[in-house]
Amino acid sequence: MSQVTIESVLQEERVFEPPAELAAGARIGSMAAYRELVARVEADPDAFWGEQAREQLHWFEPFHTVLDWSNPPFARWFEGGTTNLAYNCLDRHLDGPRAEKTALIWEGEPGDSRRFSYRELHAEVCKAANALKALGIRKGDLVALYMPMVPEATIAMLACARIGAPHSVVFGGFSAEALRDRLIDGGVKAVITADGGFRKDKAVALKPAVDQALADGGCPTVEHVLVVRRTEQPTAMEEGRDRWWHELVDGQSADCPAEPMASEDRLFVLYTSGSTGKPKGVVHTTAGYNLWVHLTFQWIFDLREDDIHWCTADVGWITGHSYIVYGPLSNGATTVMYEGAPRPSKPGAFWEVIEKHKVTLFYTAPTAIRAFMKSGREVPDHYDMSTLRILGTVGEPINPEAWMWYREVIGHDRCPIIDTWWQTETGGVMISPLPGATPTKPGSATLPLPGIAADVVDSEGRSVGVDEGGYLAVRRPWPGMMRNVHGDPERFRKSYWEHITGADGRPLYFAGDGARRDADGYYWVMGRVDDVISVSGHRLGSMEIESALVSHPAVAEAAVVGRPDDLKGEGIVAFVTLQVGLSGDEALGAELRRHVGTEIGPIARPDEIRFSGALPKTRSGKIMRRILRALAAGEEVSGDTSTLEDRSVLDALRV
Ligand code: PRX
């Protein structure tokens, strides 16, 4: 854990009140109402969560215990109950007028689009669920998805949830190697993929990466591959293993009862990078996750029946899981899914989607906003975005300039900006303004949601003072918290629950972020305090990239750090020592970048490779990343360097 320092405590004085009209009709319409709700939860958290779970979800069997925290960090929520996430997202909306309401609007990259009512989506999910059963997939079997942003990705996730087969969605931008690691770690039984997807005006093949991951018996547990036809590229199919989605799914019955799942049955595994080792499979379970995404979606977007919600994330990340698929559908809302991205040929792509589908709630990442700023306000000014009500951001700290631009240029000063802090591990949003209640400050995620016992603490678990930096932590379990690291409970304990212990001897949840709290109690998240690099809001572990680099025959040793980047938040700089006798040049640098792209995926490619004769190490052999970070950022190396083993290394790296 590195030390939290505040180099420049930003003095942000601007405060924006919620629009009066929005506050007037809001679910939580004032700070008094927010505080009252917080007080109600604090008085008896179990009673509150129990009441919410009973009211907001459908149960086949009621639960008897709200929370069992007798064996921390292994929480058990809503024990005794059985429910089903797909039932909550679909079946329960079919009784009334919502049955014909649009559940999913899908916009394809080349301009094709599809819509599904709740009734239609239910039928498609049942057919896909029956297809999985026909392949022999049973409750408890892990199914991987490696998909482009097509409706079948959402349908497949819900089909898995319906039959109780946990899914493991692997972002379609990851390489075959990264996919293989995740398939092996999970013990995956079937993979759902597509021939390809459209990215930036091009058809990009996906299926060959699956073939490569499975080649030479590399993933012995995988028995089936189900392939969606999207791009119609020529696609090799392996007899006995591969089936086309349209051939298997379309003919199935549209009737498939939802499997009653115990509250703590596994719902999905989603891999995320940590500071050590390979990515961890974050495990979420059925009822707690469902309740958390359901409630947070209502709260942070002040949901109304006629809202059209669009979250621009990919379903391969937690944001897509929670706020494209499960949160909106559990609430019976209309959710938009977009296959494309802004690109030189279509810089207004996002704004076109908002205009065309009359989007009211928009949720995107700071890195996207910064890219829009660069292309100027003329682009969005071209479009009618007057339907927008609330603008959300997620994934990384948002700089006040980008926040103000978002508010003024996209929201025309009418829409509250909701800066939401959370993580794959937290399941759903934890710290965020409530649009009808919370006055906002540019760059602050403001206050914890009701029931979230967040704090900023020192390494002894003591709350730090106003504007002092500390570790962002959570003192009490919440329904959407991750339950485990797949196959590695020790790693779960070590990564999240052993860093900080409270005065009462209870472990605190350690988020890995640094933060400060201002005099109003507002949270300002400052970024990671571990060796995780956030590139365009995507988490990458330095060690993962280092392992990829040293797997190249020319590399003896590598150290990877982040450096500030105006657009991406952080860029990747790799310091590389080559095998004896080799010397680095531009061509080798390019080759190493390509190599990392093949091992992990294009997002992990270093922006810069610096060859050096040696790396700065302590006497005990630990690489001094602090020094490398300063060098990568072009800063003077300050602080104590007395533990450095060989000071001449530093001089060599400077030039
Ligand atoms: O560092 C924080 C940053 O993203 C990390 C979580 O990444 P991931 O699990 O990939 O989930 C991203 C989407 C939820 C956090 O530890 N982060 C996320 N949201 C914010 C943020 N940093 C500052 N402000 C935010 N609003």
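Around the ligand, the shell splits into six nonpolar, five polar and five charged residues (Ala, Val, Leu, Ile, Met, Phe, Trp, Tyr, Cys and Pro count as nonpolar, Asp, Glu, Lys and Arg as charged, and the others, Gly among them, as polar). The model is a predicted one, with local features needing pLDDT of at least 70 and side-chain atom pairs counting only at pLDDT 80 or more, while totals for chains, interfaces and linings use all residues. Numbering starts from 1 along each chain as its sequence is written, and side-chain values rest on heavy atoms, with hydrogens and water left out.

Back to the ligand: 16 residues surround it, the closest being Asp419, Thr420, Thr424, Asp513 and Arg539 (a residue is near a molecule or strand if one of its heavy atoms lies within 4 Å of it). Helix 11 (318-330), strand 20 (417-420) and strand 25 (523-528) each put at least two residues into this shell; helices (H or I, at least four residues) and strands (E, at least two) are DSSP runs, numbered from the N terminus. An N or O atom in the Asp513 side chain sits 2.6 Å from a ligand oxygen. For Arg539 the distance from a polar side-chain atom to an oxygen of the ligand is 2.8 Å, and for Gln423 it is 2.9 Å. On its own the ligand has 550 Å² of accessible area, and the protein covers 94% of that (Shrake-Rupley method, 1.4 Å probe; for residues, only the protein chains shown count as cover).

Elsewhere, eight strands form an open sheet with mixed pairing, in the order 12-11-8-6-7-14-15-23; two strands pair if DSSP finds at least two bridges between them. Strand 12 (242-244) and strand 23 (484-485) are the edges, each with a single partner strand, so one side of each has no neighbour in the sheet. Strand 23 runs antiparallel to strand 15 (residues 280-285), joined by two bridges, and Val485 in strand 23 stands opposite Val282.

Strand 29 (residues 569-578) and strand 30 (residues 608-611) are parallel and share four bridges, with Phe575 partnering Arg610. Together with helix 18 (residues 586-599), strands 29 and 30 make a right-handed β-α-β unit.

Definitions and conventions:
A crossover is right-handed if, with the strands pointing away from the viewer, the path from the first strand over the helix to the second runs clockwise. A polar contact is a pair of N or O atoms within 3.5 Å; within protein, one must be able to donate a hydrogen and the other to accept it, and residues adjacent in sequence count only if both atoms are side-chain atoms.
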